[in-house]
Amino acid sequence: MTLLAHDRYCDEIAYQVALLRSVVTSGADLSGTVPTCPDWSLEDLVRHTGGALRWVEFIVRTRAEEEVPEERVPGLAGPGTRGDAAVLDAWLAESGEQVVAALREAGPDTKVWSWAGILNSGFWARRMTHEITVHRADATLAAGLPYEVAPDVAADAIDEWLQIVEFVQRTAPHDAARELRGPGRSIHLHATGTGPNLNAEWLIELTEDGVAWRRGHEKATVALRGPLTPVLLAFYRRLPLDAPELEVLGERELLEFWLERATFG
C-alpha cells in the first residue's frame with residue numbers, strides 16, 4: 001500500500017472543489033434533502049465541506065499543536081445569505097484555494113495536530129482529498145448528476161478508510177468496534193476493470209485482535225464485486241449493495257454487519 005504524492009493530493013483537492021462547485025451552479029435545488037445524508041440539505045452539505053476545508057487550512061497554516069475550535073476559524077460557517085448559488089460557489093472556491101495553498105506551502109512533513117495520531121500536514125492532504133471526494137458523491141446523488149473518481153484516488157480512499165477503522169479499534173474501543181472482532185470471518189473487495197497495476201482488491205479480516213487488511217485477491221467469507229467507483233460508494237454506504245453494478249458473493253449478512261459497524265471514527 002503506497003500513498004499518493006503530496007502534490008497529487010493537492011491537485012485532487014483543487015479538482016474535486018471545482019467539480020463540487022459545478023454541482024452548486026448546476027441549478028440543483030440547494031434546499032433539497034441529500035439522500036445519503038438525510039439530515040442535510042444540499043446547501044448544508046456544501047457548507048459542511050467548505051467549512052472542513054477552512055478548518056484544515058487554519059490548522060496547517062498556523063501549525064496548530066492541538067485541536068482548533070471551529071469558532072476560531074474565519075469564514076467557516078459560510079456566507080450569511082442562504083439559497084444563493086453564486087455566493088455559495090464563491091465561498092467554496094475561496095475555501096478550496098486557501099487549503100490547497102496552505103498544504104502546498106507546508107509540504108507533507110510539517111508537524112501539525114491531527115485526530116488520528118499522524119501528526120503532519122500530509123495526513124490532512126490525504127484526509128481532505130477523500131472527505132471532498134465522498135461528499136461530492138453525496139452532492140451529485142442529490143442533484144441527479146453522474147459521478148466518477150480517478151482509480152488511484154478511489155483505491156486510496158478505501159485504503160484510508162480501512163486505516164481509520166484500524167485506528168479507532170486501537171484507540172477508542174466501543175461496542176461497535178468490539179462487535180467486529182472474532183475469528184474466521186473475512187470480506188473481499190474486488191474492483192473490476194482497473195488493470196493489474198492498481199491491484200484494486202482488498203482482504204479484510206475480522207480477527208480476535210481487531211481488524212486486519214491487505215491488498216490482494218484471496219478467498220473470503222463474502223465478496224463485494226464490481227467497478228471501482230461503485231465498490232467505493234458501497235463501501236462508504238453511498239450506494240446500496242443491490243445496485244445493478246454490484247455483485248455480492250457469499251454471506252451477505254457479514255458485509256451488511258461490517259457496513260453497519262465500521263462507519264464510526
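# Terms and Cut-offs in This Model

Guide: Just after helix H7, Arg237 takes a positive phi of about 60°. This is a predicted model, where local features need pLDDT of at least 70 and side-chain atom pairs count only at pLDDT 80 or more, while totals for chains, interfaces and linings use all residues. Residues are numbered from 1 along each chain as its sequence is written, and side-chain values use heavy atoms, with hydrogens and water left out.

Visitor: Where do Arg63 and Asn199 lie?

Guide: Arg63 is in the loop between H2 and H3. Asn199 is in the loop between E3 and E4. The labels come from DSSP runs, numbered from the N terminus: helices are H or I with at least four residues, strands are E with at least two.

Visitor: What makes Asn199 partly exposed?

Guide: Its relative accessible area is 34%. Buried means under 20%, exposed means over 50%, and partly exposed is in between (1.4 Å probe, protein chains only). So 34% puts Asn199 in the middle class. Arg63, at 29%, is partly exposed too.

Visitor: Why is H2 called roughly antiparallel to H4?

Guide: Two packed helices are described by the angle between their axes and the distance between the axes. For H2 (residues 42-61) and H4 (residues 121-143), the axes come within 10 Å and cross at roughly 175°. Axes are lines fitted to C-alpha atoms, for helices over the stretch in contact, and angles run from 0 to 180 degrees between N-to-C directions. Under 35 degrees counts as roughly parallel, over 145 as roughly antiparallel, 65 to 115 as roughly perpendicular, and the rest as oblique. The crossing angle therefore makes H2 roughly antiparallel to H4.

Visitor: Which residue classes make up the contact of H2 with H4?

Guide: There are 12 nonpolar, 4 polar and 2 charged residues. Ala, Val, Leu, Ile, Met, Phe, Trp, Tyr, Cys and Pro count as nonpolar; Asp, Glu, Lys and Arg as charged; the others, Gly among them, as polar. Residues at this contact include Trp55 in H2 and Trp124 in H4.

Visitor: What makes E5 and E7 edge strands?

Guide: The open sheet has 5 strands in the order E5-E4-E3-E6-E7, with mixed pairing. Strands E5 (210-215) and E7 (247-250) each pair on one side only. The twist averages 15° from one strand to the next.

Visitor: How do you know that E4 pairs with E5?

Guide: Two strands pair if DSSP finds at least two bridges between them. Here 6 bridges join E4 (residues 201-207) to E5, so the pair qualifies. The two run antiparallel. In one of these bridges, Thr207 is partnered by Gly210 in E5.

Visitor: Which strands does H5 touch?

Guide: Helix H5 (residues 151-171) touches E3, E4 and E5, and its direction makes about 155° with that of E5. Helix H8 (residues 252-261) touches E3, E4, E5, E6 and E7, at about 90° to the direction of E3.

Visitor: What makes Asp89 and Arg21 a salt bridge?

Guide: Their closest N and O atoms are 2.6 Å apart. The definition asks for a side-chain nitrogen of Lys or Arg within 4 Å of a carboxyl oxygen of Asp or Glu. The pair therefore qualifies. Asp89 in H3 and Arg21 in H1 are 68 residues apart. Asp89 is buried at 12%, while Arg21 is partly exposed at 28%.

Visitor: How many residues separate Glu57 and Arg61?

Guide: They are 4 apart in H2, which means about one helical turn. Glu57 is buried at 10%, and Arg61 is partly exposed at 44%.

Visitor: Why is Glu105 called exposed?

Guide: Its relative accessible area is 56%, so Glu105 passes the exposed cut-off. Glu105 forms a salt bridge with Arg63 at 3.0 Å. The structure holds 20 salt bridges.

Key: Contact = heavy atoms within 4.5 Å.
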